[in-house]
Amino acid sequence: MRLWPRSHFSLWIAGIFYGLGVLVILSTAAINRLGPESGRLGLDECRLVTDRHSGLFAMLRDGSDGIRLAATADLSPSSYARSLAERLGSGPLVQTENNHSQSSLSGYIVLDAKRKYDAGKPSAQSKRPLLIVDSARSMDQLVQRYDPDLGMAVARGYYQVANTGQWSDQKLRLAVEYPTLPRAARHMLKQLLPQDDADNACRSRFLLDIRYGALGHPWIAGLRPLSGPTP
Amino acid sequence: MTSHRAAQRRNAIAGFRAEQRRLEELGLFPLATDAKKAIRAYHDEVLHDLDSSGARTGEGAEYPAHWGMRLAATAGLFVIVGIVLYMIDQSWAALSNWGRFVLATSIPLVFLFLSEVILSLGRSRYFSTLLAGLSAVAVCSMLVLLTRLFNQSPGPLILLVAGGYGAALGHRQQSIPLGSLALFAMGFGLGACLAVADGSTWDALPHRLEPFLLAGIGLFVVGAIKIKAIPPALAPMQCAWRISGLALAGLALIALGFEGTSLLPGLHTTLAKGWQLAAVLIFLALIITGYFARWRDLFYGGTHLSFLFIIVRLYHWIGADLSIGLKAVGALALVGLFMWLMSLLCRIYIRGRT
């Protein structure tokens with residue numbers, strides 16, 4: 001038996017496509033990691049959603065690897081939301097007359113890990129979600145607007161522009177909600193028992209160190225246990 | 001081409017050459033020297049491609065596998081692959097990220113290796129094509145996994161790359177079904193890349209279908225023009241380009257008949273009606289051109305697309321008012337009508353050809 005008796009041209013083409021696909025992903029990851037960081041967040045357990053459904057199929061389906069970054073838009077004061085919406089709507093799509101009613105665009109968003117969530121909202125009782133406080137089509141527009149020392153980061157995200165006569169930016173979300181965890185972090189998460197939510201209070205048991213790279217993609221730098229619950 | 005057919009082709013060429021020599025000796029082969037040289041060069045090229053495609057000689061050629069055997073083997077293969085994937089899923093959390101990377105990148109290569117082994121053994125092309133198709137699916141899954149591993153969001157480029165990989169393997173196997181499916185995926189990926197080039201996400205795709213129409217036309221044109229550089233053994237694969245191009249462009253054209261699907265400036269209603277009219281005219285032109293130019297792909301492609309267009313428009317107009325029972329009866333009637341119409345068209349086409 002002789003495999004590839006004469007190297008067929010089609011196999012070379014297949015090899016080029018295969019190599020190209022892997023190379024693009026690896027080079028993008030390298031640019032993201034080797035370039036300047038665009039923020040670093042220390043998130044305790046109560047700012048995250050732990051998801052026990054991880055595995056090959058879960059990762060294929062939605063990227064789940066044990067942790068989800070649950071981010072909520074908090075554009076206060078409301079007048080700021082209006083100006084932000086107008087800024088988001090300045091992309092090429094919304095200028096066309098025939099634009100459909102709503103279009104999802106990719107861009108960048110600013111995450112704030114320290115700001116307190118509005119106490120009037122029901123989810124504030126136990127969980128303190130990650131807050132989205134600003135957004136723009138390009139990263140350059142946001143560089144001046146965030147402070148990495150104050151627990152902020154610029155990440156890739158999506159937002160929807162509604163073409164209803166008045167711009168609206170109601171749906172901001174992270175492009176990567178399920179970051180891939182290192183093996184040690186996955187192992188530690190697996191050891192944790194579910195939270196006892198009898199008194200509806202979240203007690204943080206670990207701290208996640210997450211960084212955002214030059215392209216706004218996240219990676220997990222570490223996950224360490226906390227000695228006691230955070231206030 | 002199966003190894004059995006490759007052996008038949010070799011024997012036919014050898015027979016032709018032997019008969020040609022006899023006729024030349026009798027002075028009954030009045031072709032000019034240039035024409036004889038051209039025929040000989042063509043046959044040499046065909047034989048070279050048959051050798052390089054890995055097909056074995058007539059002595060070693062296997063008979064095509066029976067359909068029952070194919071079904072049983074396919075079911076067995078899927079069960080084995082399912083069990084292996086389940087085992088990987090269970091141990092996925094215990095692997096390091098680079099271990100996941102190695103595993104994800106090696107699975108398509110395993111399928112490709114098995115496909116090449118079967119091909120080199122001269123077995124039925126069905127199994128080698130099936131494994132090649134699985135390899136293409138595995139490449140698509142691998143690319144999704146790698147983007148997740150490196151915390152990126154999957155984009156349409158994945159479909160373009162995996163489609164190209166599958167199309168190349170389809171050509172390797174000389175399989176029109178695999179080639180057509182993979183080329184369709186590649187064209188869809190290309191259209192999607194063009195459609196979201198301004199930074200939009202997947203959600204925007206249904207509202208901008210012209211890039212898919214253009215990608216389909218591009219595929220069809222590649223399959224329709226005569227390219228001298230293509231080896232004769234690969235020439236039949238141009239049919240896959242035409243089929244996938246017709247399918248992609250035709251489906252895009254049908255979908256453009258709905259409001260809000262076009263990227264062009266203007267009123268949604270006017271645009272939709274314009275695209276509906278364009279679809280009717282283009283599909284009719286395909287049928288007529290296919291019939292008179294004796295181009296089977298165009299004729300049958302135009303017929304299928306016309307029928308699909310009528311069903312879609314009918315459903316859109318009256319589907320909401322029908323009960324589920326009436327819809328089912330209507331679907332059965334349409335399938336029957338379609339089969340009758342196709343048999344009628346086949347007879348018309350064959351009669352026209354003879």
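# Exercises on a predicted two-chain model

Gln174(B) counts as buried, with 17% relative accessibility. The model is predicted.

## Exercise 1: Two loop residues

**Task.** Work out where Gln174(B) sits, and whether it is buried or exposed.

**Solution.** 
- Step 1. Find the residue. Gln174(B) is in the loop between helix 6 and helix 7 (176–195) of chain B.
- Step 2. Read its backbone angle. Phi of Gln174(B) is near 50 degrees, a positive value in a residue other than glycine.
- Step 3. Apply the cut-off. Buried means under 20% relative accessible area. Gln174(B) is at 17%, so it counts as buried.

**Solution.** 
- Step 1. Asn151(B) lies in the loop between helix 5 and helix 6 of chain B.
- Step 2. Phi of Asn151(B) is near 55 degrees. That is a positive value, and the residue is not glycine.
- Step 3. The relative accessible area of Asn151(B) is 3%, so this residue is buried.

## Exercise 2: The two chains

**Task.** Describe the make-up of chain A: how many helices and strands does it have?

**Solution.** 
- Step 1. Count the elements. Chain A has five helices and ten strands.
- Step 2. Check burial. Of its 231 residues, 46% are buried.
- Step 3. Look at contacts in chain A between residues at least 6 apart in sequence. Of these, 71% join residues at least 24 apart.
- Step 4. Take the surface. The accessible surface of chain A is about 11,800 Å², and 54% of it belongs to carbon and sulfur atoms.

**Task.** Now describe chain B: how many helices and strands does it have?

**Solution.** 
- Step 1. Chain B has twelve helices and zero strands.
- Step 2. Chain B has 354 residues, and 44% of them count as buried.
- Step 3. Take the contacts in chain B with a separation of 6 or more. Residues 24 or more positions apart account for 68% of them.
- Step 4. The accessible surface of chain B comes to about 18,300 Å². Carbon and sulfur atoms hold 72% of that surface.

## Exercise 3: Helix 1 of chain A

**Task.** Find what covers the buried residues of helix 1 of chain A.

**Solution.** 
- Step 1. Get the span. Helix 1 of chain A has 26 residues and reaches 36 Å from its first C-alpha to its last. This is close to the 38 Å expected at 1.5 Å a residue.
- Step 2. Pick out buried residues. They include Leu11(A), Ala14(A), Tyr18(A), Val22(A) and Ile25(A).
- Step 3. List the cover. It includes strand 10 (218–225) of chain A, together with helix 4 (97–120), helix 5 and helix 6 of chain B.
- Step 4. Zoom in on one residue. Val22(A) lies in this helix. Its relative accessible area is 10%, so Val22(A) is buried.
- Step 5. Set aside neighbours within four places in sequence. Val22(A) is then in contact with Phe101(B), Thr105(B), Met142(B), Leu143(B) and Leu146(B).

## Exercise 4: Helix 10 of chain B

**Task.** Follow helix 10 of chain B from its span to what comes just after it.

**Solution.** 
- Step 1. The helix covers residues 268–292. Its 25 residues reach 36 Å from first C-alpha to last, close to the 36 Å expected.
- Step 2. Its buried residues include Leu271(B), Ala272(B), Trp275(B), Phe283(B) and Ile287(B).
- Step 3. Take Ala272(B). At 5% relative accessibility, Ala272(B) counts as buried.
- Step 4. Leave aside neighbours within four places in sequence. Ala272(B) is in contact with Leu256(B), Gly257(B), Phe258(B) and Glu259(B).
- Step 5. Check one distance. Ala272(B) and Leu256(B) are 16 residues apart along the chain, and their C-alpha atoms are separated by 6.4 Å.
- Step 6. Just after the helix, Arg294(B) takes a positive phi of about 60 degrees.

## Exercise 5: The largest pocket

**Task.** Describe the largest pocket: which residues are closest to its centre?

**Solution.** 
- Step 1. The largest pocket holds about 1,100 Å³ of space.
- Step 2. It is lined by 41 residues. Closest to its centre are Tyr158(A), Gln152(B), Ser153(B), Pro154(B) and Gly155(B).
- Step 3. Helix 1 of chain A gives the largest share of the lining, four residues.
- Step 4. Sort the lining by type. It divides into 18 nonpolar, 15 polar and eight charged residues.

How values were computed
Residues numbered from 1 in each chain as written. Chains lettered and ligands numbered in written order. Predicted model: local features only at pLDDT ≥ 70, side-chain atom pairs only at ≥ 80, totals over all residues. Heavy atoms only, no water. 1 Å grid on protein atoms, 1.4 Å probe; cavity = no way out; pocket = protein on both sides within 12 Å on 5 of 7 lines; lining within 4 Å. Points joined across faces, edges and corners; volume = space filled by probe spheres on them. Nonpolar A, V, L, I, M, F, W, Y, C, P; charged D, E, K, R; others polar. Buried < 20%, exposed > 50% of the residue type's maximum accessible area, 1.4 Å probe, protein only. Contact = heavy atoms within 4.5 Å. Areas by Shrake-Rupley, 256 points an atom, 1.4 Å probe, with all protein chains shown as cover. Expected span 1.5 Å × (residues − 1).
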